[in-house]
Amino acid sequence: MNHCVRSNTCLWTHLSRTNGPGTDTPRSLATLPADVLFEVSRYLDLKADILNFALAAICLQGNGLLFSLLPAVYNDVCLDSLEQCEATLAMLNREPSIARHIQKLTVRFTSSPHSGGFLISDLLRTLAPKLDALHTFIWDAEEIPQCDDMWFALRMSCPRLHTIGTSYGAKLPDSHSTLFQFKNLRGFRLALKPPFYDNHSDKLPSESRLWDMLIRRCPNLEELHISGAPFLPVSVVHPLCYARWPRLRSLSLGDIVLDWQPRGGGVKPPFIAFLEAHPRLQMLRTSRAALSPALLTSLDHGALPNLKRFAGSLEHLQGLAQLYPQITSVAIDEPLVIRDTTPLLAAGVLQGLHCLTELRVAFVFQAAYECGRLVRSIVNACPRLTKLELICARRPSFTVDTLAKIVSALPRLRHLRVTMVRARNEQSLRECAAVVARSNPQLRTFCITFISPSLPLPIPLNADISVNGGEPGHPYLESGNYVLQTDEYGLPSSVVGTERRRLHSCSLPPFGITMPLPTLPPKTYTTKKYRYRFDLHPKSKKGLGLIFEKSVAGEEMRVLVLMLSLGGAALWVFFG
């Protein structure tokens, strides 16, 4: 939801002030009509806040209010694990009154090709007739749906469905798959998972069907997102370059080769002509394979007048910053290799984007490097940021404490996400969250994720700079999502955290069965989730206990005790 955020505390305070000091706020909340409460729920950006608001309203007005708030609770459903998919989809099959309110459904889980994929796709096939309001469906598993009839059921049973997404793994859909029978789509997403690259290195047998569906049968396409492509193109010039979608406003391309034919001077590349033919394009994400940074100079003056968001390499951004200073969101997803001139180069490019409010930067540290100067230069170049995401891979670069002090110079920052290798002297995840919250009271949400130094690059990232919590879309060691809660004066008072830890587990063969070393089963991971809440301003200690408190007041008390002790000793020596 793209609504402004209002906390439950602020709403509660507003009701108290409007109803007077002698009015009982819970009862006055209970007198509000159900449609008014539904409109209030639309201003809550976090799902946890919407659920808490719905539960509070139900306690006051009874279960009858639940049905009026169901659209706010279930309009966007994202399932992040195999267990959650099985439990939730089974519940939705039993409760069609809830399923009919789902507008966007994302199914994401990691499993082997023979564990869970068929069950989930079959549950979706039986659920499709109950999804009356569904307009977006994303399948983001490691493999394609094993029950291909799922696509047929969605196409026939969901008349409002206009955006679909799927993923390719070790198995690919055949040319007769019902996936390629959709018409008049407005959005399409394709994600290529690691098993795809391990098993396929040549032309896809069904790629011609895919582009025939998108180009010929979907003339009003508005969003197209492809995370990668086959290593060999279907032709010298990719069919995408000849497509024309007048309403296209969002385009995301991974390592897809669009043009293999060398061209001399004065000949405009086909993909540049494609970009110039789509003036409504607002979001562009590309790679070096799809678009060489040197070709950006061939864009006509005035092309892409509505471009607001861009994701690519720093070299791409260098060519676009002077042409499109109105860009508000930038994602430098190609990791920057840190050198002595990198801070000046990155800050110089970003400084020219005066409207920039969202930024994501990825770094790679091949050796020990103090990154405080780099992050500080980026912060100074972008003082208007409201969303910031930093990815630092390979080696520890800074501590969370250092980062918290640097980003405190951003007064408008509301959402922070940092993914980094844990430093040797780093504190626990909970203590890191407390440091960030106390140093940055202007934040609303933030996320801290620790990754392994051996994590393969590049790290898979979404096209958009997301602020929503949940499972990271890549392997990790520890991850925490945090929400700052405020008091009646709007000041941060506590932090609600959800932490996840991935634990190694390896299933060994039964005792007594010999198995050669290369055939031992690989390591698997189990995730443990913890939810808690802690106060940012705990009750201070009184009396002598204040001397041992680790705070500013404790330091002042210790200095005062020391001064009194020295003064007393001096008086005793003088008069003694």
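Trainee: Is arginine 394 buried, partly exposed or exposed?

Mentor: This is a predicted model, and arginine 394 sits in the loop between strand S12 (387-393) and helix H16 (400-407). Its phi is positive, about 80°, although the residue is not a glycine. Buried means under 20% relative accessible area and exposed means over 50%. Arginine 394 has a relative accessible area of 28%, so the class is partly exposed.

Trainee: Asparagine 184 also has a positive phi in a residue other than glycine. Is asparagine 184 buried or exposed?

Mentor: Asparagine 184 has a phi near 55° and is found in the loop between S4 and S5. The cut-off for exposed is over 50%. Asparagine 184 has a relative accessible area of 53%, so the class is exposed.

Trainee: How many aromatic pairs does a search of the whole structure find?

Mentor: A pair of aromatic rings is described by the distance of the centres and the angle of the planes. For the whole structure, the number of aromatic pairs found is eight.

Trainee: Of what kind is the aromatic pair of tryptophan 151 and phenylalanine 182?

Mentor: The ring centres of tryptophan 151 and phenylalanine 182 are 6.3 Å apart. Planes over 60 degrees apart count as edge-to-face. The angle for this pair is 85°, which makes the pair edge-to-face.

Trainee: How many residues apart are tryptophan 151 and phenylalanine 182?

Mentor: Tryptophan 151 is in helix H9 (residues 149-157), and phenylalanine 182 is in the loop between strand S4 (163-168) and strand S5 (187-192). Tryptophan 151 is buried at 2% relative accessibility, and phenylalanine 182 is buried at 4%. The pair links distant parts of the chain, and the separation is 31 residues.

Trainee: Which residues form one aromatic cluster with Trp151?

Mentor: Trp151 and Phe182 are an edge-to-face pair. One aromatic cluster holds both of them together with a further residue, Phe137.

Trainee: What kind of pair do the rings of phenylalanine 271 and phenylalanine 274 form?

Mentor: Phenylalanine 271 and phenylalanine 274 both lie in helix H12 (residues 270-276), three residues apart, about one turn of the helix. Phenylalanine 271 is buried at 5% relative accessibility, and phenylalanine 274 is buried at 0%. Their ring centres are 5.7 Å apart and the planes are at 15°, so the pair is stacked.

Trainee: Which residues make up the covered face of strand S1?

Mentor: In a regular strand the side chains alternate between the two faces of the sheet. Strand S1 (residues 76-79) has Asp76 and Cys78 on its uncovered face. The covered face of S1 is made up of Val77 and Leu79.

Trainee: Which residue in S2 stands opposite leucine 79?

Mentor: S1 and strand S2 (residues 104-107) run parallel and are joined by four bridges. Opposite leucine 79 stands valine 107.

Trainee: How far is the backbone nitrogen of serine 408 from a polar atom of the side chain of asparagine 440?

Mentor: Asparagine 440 lies in the loop between helix H17 (429-439) and strand S14 (445-451). With a relative accessible area of 0%, asparagine 440 is buried. From the backbone nitrogen of serine 408 to the polar side-chain atom of asparagine 440, the distance is 3.2 Å.

Trainee: What accessible area do Val559, Leu562, Met563 and Leu566 have together?

Mentor: Leucine 562 is in helix H18 (residues 552-575). Val559, Leu562, Met563 and Leu566 form a nonpolar patch on the surface, and their accessible area together is about 410 Å².

Methods: Residues are numbered from 1 along each chain as its sequence is written. This is a predicted model: local features need pLDDT of at least 70, side-chain atom pairs count only at pLDDT 80 or more; totals for chains, interfaces and linings use all residues. Side-chain values use heavy atoms; hydrogens and water are left out. Rings of Phe, Tyr and Trp (its six-membered ring) pair if their centres lie within 6.5 Å; planes under 30 degrees apart count as stacked, over 60 as edge-to-face and the rest as tilted. Helices (H or I, at least four residues) and strands (E, at least two) are DSSP runs, numbered from the N terminus. Buried means under 20% relative accessible area, exposed over 50%, partly exposed in between (1.4 Å probe, protein chains only). Two strands pair if DSSP finds at least two bridges between them. Patches are made of residues with over 30% relative accessible area and no salt bridge: like charges are joined within 9 Å, nonpolar side chains (Val, Leu, Ile, Met, Phe, Trp, Tyr) within 5 Å. Accessible areas come from the Shrake-Rupley method with a 1.4 Å probe; for residues, only the protein chains shown count as cover. A salt bridge is a side-chain nitrogen of Lys or Arg within 4 Å of a carboxyl oxygen of Asp or Glu. A polar contact is a pair of N or O atoms within 3.5 Å; within protein, one must be able to donate a hydrogen and the other to accept it, and residues adjacent in sequence count only if both atoms are side-chain atoms.
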